[in-house]
Amino acid sequence: MGDRPVKTGSGRSVVRSKNGMIATSQPLAAAAGLEVLMKDGGAVDAAVAASAVLGVVEPFATSIGGDAFAIYWDNDKKQLVGLNGSGRSAGSMDSRRLKEEIACETMPLRGVHTITVPGAVDAWDMLLERYGTMTLEELLAPAIMYAEEGFPVSEIIAQQWQMNQNALITEESGRVFLPGGKAPKAGDVFRNPDLAKSLQMIAAHGRDAFYQGDLAKAMCSGMAKLGGHLTPQDFGCHHGDWVSPVSTNYKGYDVYELPPNTQGAMVLEMLNILEGYDLKACGHNSAEYLHLIIEAKKAAFADRARFISDGNFNDIPLERLISKEYAAERRAQIDGKAASDPAEWDLKSSDTVYLTAADQNGNVISFITSIFKEFGSGVVPEGTGIIMQNRGSLFSLEEGHFNGLQPHKRPLHTIIPAMVMKDGKPWFSFGVMGGDMQPQGHVQVLLNMLEFGMNVQEAGEAPRVCHTAEGVALESEIPWDVRLGLIERGHQLIDAFDVYGGYQGILIDPQTGAFAGGSDDRKDGCAIGF
């Protein structure tokens, strides 16, 4: 960036503050979180307020009809905890019944049969009950205001809305999200008064309004009209779970992810494989370097396709998957000069929102929520304004598969928050949105920092590679000599749009405790602090 007063490798400067910080994919959400922090709210309070706003202003990406996961550093107890806020399938549904009912051999991508019980509202409640200092009524007020009074749609969000409007497959979802029969344009003010009423019910009566009250009955009734099987009993028995994050050490840094049913283990497996190479000598984003990242990803995703599922239903060999010994076996199978045969898995792109917040008391949260595909299932239960997720589309209908559809089961989840610890203290809280891109993005951002010395903003802006089932997608800044080098190694290069994810991150200075924030220029959001 040669024309800037300070030469950096990024278009945006690092955002720095001392008292608190939040980074999200949308400025209105970041502002809501910052307001909470400036009122002496904690990191969890800020995350819930921002998450609720994101469900209003990025409705194709997240909703109270989706799931949520978190990694949280409790500075008082010096403890790192994880939260699995994902929902489960209907108690009456399994692979055999669904195949008979809709005459299919694989899970549909959208529609009422892909909806699992949404876990996000319960996740908010669990976080606030243990770590919050403010009420849901206070924290949901900005989201309710934007839903009721409207907000002006930004350019990136308008484009993603327009690109995915065909996902709104029911009359009700079209009525809510396609005012006048079309997606809002940049600058249009969009309102969702039905969602405002749903949020008001939650604000007034807490999480039980969503899982046991009239709102639960309305959602289940609306889905039943479309042939759905989720019942008020399925909603009523939902609960999230506190879990222990899993980790590996990469050259002195402890990288934490969440265990299955998330794909967080794939990040750790990839890092363990890549640790055995001299990546600095390869050169950043060289053909040799990108080849190794692609091959490590293939190995990890082959394991994901086989094993990652609800651990309450299967004995997942997690310790082995994230061990250094297993990584050495995988590394030995990689040819440094030739691409391996592509594994048979589907590209699972998604739209997701990630945020991270840190407060003046040293608490840090890495938080992610999603409805999976853009506009999720495409279903809005009548009168609720809530777009429901399609996480169930990730179940397998193959008999005996680890991730096979069974009653009250969680599917494989692609969304993963991350936290990096150094010398027993939080060093870096971050995430990279975007389905299959998430593990690839986590690894690339971390290597940008740990191997190539990039700052928290440069690491997120640097050009990325995304390996998909169709081939290798490269951002346009990656030069032709690198592309030729990958082709010579046998990689199939493809053109792809909007598959490279969206990054947010907060770095905590080990000496001063001050915050340094980065926010992806691929999204509308920002890092902001005080």
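Buried means under 20% relative accessible area, exposed means over 50%, and partly exposed is anything in between, using a 1.4 Å probe and protein chains only. Keep that in mind for these close-ups of a predicted model, in which local features need pLDDT of at least 70, side-chain atom pairs count only at pLDDT 80 or more, and totals for chains, interfaces and linings use all residues. Residues are numbered from 1 along each chain as its sequence is written, and side-chain values use heavy atoms, leaving out hydrogens and water.

**View 1**
F375 sits in the loop between β11 (364-370) and β12 (418-422). (Strands, E in DSSP, are runs of at least two residues, helices, H or I, are runs of at least four, and both are numbered from the N terminus.) With 0% relative accessibility, F375 counts as buried. Its phi is near 60°, a positive value in a residue other than glycine. G376 is found in that loop between β11 and β12 too, and at 0% relative accessibility G376 also counts as buried. Who touches G376? Leaving aside residues up to four places away in sequence, the answer is R110, I371, M388, Q389 and N390, where contact means heavy atoms within 4.5 Å. Now look for A61: its C-alpha atom is separated from that of G376 by 7.7 Å, although the two residues are 315 apart along the chain.

**View 2. D40, an exposed loop residue.**
Find D40 in the loop between α1 (27-38) and α2 (43-57). Is D40 buried or exposed? At 56% relative accessibility, it counts as exposed. D40 is not a glycine, yet its phi is positive, at about 70°.

**View 3. A cis peptide bond at P260 and N261.**
The bond to spot here runs from P260 to N261: it is cis, with omega near 25°. N261 belongs to the loop between β9 (253-257) and α13 (264-274).

**View 4. An open sheet of seven strands.**
Strands of a sheet pair through backbone hydrogen bonds, either parallel or antiparallel. Reading across this open sheet, the order is β7-β4-β3-β11-β10-β2-β19, and the pairing is antiparallel. Two strands pair if DSSP finds at least two bridges between them. The edges belong to β7 (241-243) and β19 (526-529); each has a single partner strand, so one side of each is left without a neighbour in the sheet. From one strand to the next, the twist averages 15°.

**View 5. Strand β13 and its two partners.**
Strand β13 covers residues 425-433, and eight of its nine residues are buried. On to its pairings: β12 and β13 run antiparallel, joined over five bridges, with A418 opposite F430 in β13. These two strands, β12 and β13, form a hairpin with two residues between them, and D423 in the turn has a positive phi of about 55°. β13 is also joined by six bridges to β17 (residues 502-508), again antiparallel; here V432 has Y503 in β17 as its bridge partner.

**View 6. Helices α15 and α20 packed together.**
Two packed helices are described by the angle between their axes and the distance between the axes. For α15 (residues 287-307) and α20 (residues 480-488), the angle is about 50° and the axes are 8 Å apart. (Axes are lines fitted to C-alpha atoms, for helices over the stretch in contact, and angles run from 0 to 180 degrees between N-to-C directions.) That makes α15 oblique to α20; angles under 35 degrees count as roughly parallel, over 145 as roughly antiparallel, 65 to 115 as roughly perpendicular, and the rest as oblique. A287, L290, H291 and I294 of α15 make the contact with V482, G485 and L486 of α20.

**View 7. Helices α6 and α9 side by side.**
The axes of α6 (residues 141-149) and α9 (residues 193-205) come within 7 Å and cross at roughly 155°. The two helices, α6 and α9, are therefore roughly antiparallel to each other. On the α6 side, look for A143, I144, A147 and E148, which meet P193, A196, L199, Q200 and A203 in α9.
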